[in-house]
Structures are given as structure tokens and as C-alpha cells.
Amino acid sequence: MPQLNPEFFVSQLFWLAVFFTFLFVFLWRVSLPRIATVLEKRQNKIDENLSSAKELQEQAMEIEKKINDQINKAKLETDEKIKETINALQENVSSQLSSLDKDLEKKVSDAEKEILKSKDDQMKNINNEIVNITKLTVGKITDLELSDNELNKVIETQKGSFN
């Protein structure tokens, strides 16, 4: 192998030094600056994206806060409206109940009056029938003729025992 022959070592070392020097200079002056520029642009783009993401996140947080405030405000307003509606309905119901109670009380008192009137009328009818029955009975049993006034007086004295 000619590479391992010691007489070629010097020329190989020379070309090795030339090649590595050229490669070093090429990398140092051409490739690495381009790579550094690309890396720097990439880092700048990443930083820019991160800063815009932070700004967007802050804006989103502000929007979320506004939305939550609006939701809370809407909830409070609806709660107040519900309470007002409930109070209005309760007042309406209580007024209607009081008017119904008054109407029922009036109807009950009217019904009581009518019942009492009907009772009085029926008692008069019963008294008249008692007078007629008593006249007929006394007339058949005895030959006495009793007047309506006499019978009414007797019935009035005995009225407590009928009720």
C-alpha cells in the first residue's frame, strides 16, 4: 500500500495540511456564517412567534375576562329580573286570593242569609201546617172550633221545644 510507504509521508502530510486548511477556511468563512445566519434567523423567528403568542394569549385572557364579566353581569340581571317577577307574581296572587276570599265570604254570607230566610219560610209553612193539622184534629176529636190566633199563641209558647 502506497499510503503506508514512509517516503510518501511528507507529501501526504503536506496535502493533508492543505486540504484541512482549505476545508477549515471554507467552513470558517463560507459555510459556518451561512449556518449561523440561518440559525440566527430561525431563533429570531422563534422569538417573534413566542412574543406574538404571548400577546395573543394576553389578548385572549382579556377577552375571557370580559366574557366572564358579561356572563356574571347577565346572571345578576336575570336573577334580579326573576326575583322581581316572583315578587310581582306573589303580589298578584295574594291580591287575587284576597279578592277571592272576599268574594267567597260574601257568597257564604249571602248563602247563610238565604238559608236563614228559607228556614224561616219553612218554619212558617210548618207552623201553618201545624195550625191546619191541629184544627182538623181538634175538629174531628171534639166539636170545638179554635181560631188561628189561639193556635198561634199555643204554638209560640211551645216553639222552643220544636227547635
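Rings of Phe, Tyr and Trp (its six-membered ring) were taken to pair if their centres lie within 6.5 Å, with planes under 30 degrees apart counted as stacked, over 60 as edge-to-face and the rest as tilted. On this basis, a search of the whole structure returns four aromatic pairs. One of these joins phenylalanine 14 and tryptophan 15 in an edge-to-face arrangement, at 5.2 Å centre to centre and with 70° between the planes. The model is predicted, and local features therefore need pLDDT of at least 70, side-chain atom pairs count only at pLDDT 80 or more, and totals for chains, interfaces and linings use all residues. Residues are numbered from 1 along each chain as its sequence is written, and side-chain values use heavy atoms, with hydrogens and water left out.

Accessibility was classed as buried under 20% relative accessible area, exposed over 50% and partly exposed in between (1.4 Å probe, protein chains only). Phenylalanine 14 is partly exposed at 48% relative accessibility, whereas tryptophan 15, at 55%, counts as exposed. A further edge-to-face pair is formed by phenylalanine 19 and phenylalanine 20, with 5.7 Å centre to centre and 70° between the planes. Phenylalanine 19 has a relative accessible area of 48% and is partly exposed, and phenylalanine 20 also counts as partly exposed, at 46%.

Leucine 23 is placed in helix α1 (residues 9-141), helices being DSSP runs (H or I, at least four residues) numbered from the N terminus. At leucine 27, α1 bends by about 45°, the bend being the angle between axes fitted to the seven residues ending there and the seven starting there. Arginine 29 lies over the face of tryptophan 28, 4.2 Å from the ring centre; the criterion requires NZ of Lys or CZ of Arg within 6 Å of the ring centre and within 35 degrees of the ring normal.

Buried residues in α1 include Ser31, Met123, Asn127 and Val131. Alanine 111, also placed in α1, counts as partly exposed at 35% relative accessibility. The C-alpha atoms of alanine 111 and tryptophan 15, which are 96 residues apart along the chain, are separated by 135 Å.

Technical notes
Helix = DSSP H or I, 4+ residues; strand = E, 2+ residues; numbered from the N terminus.
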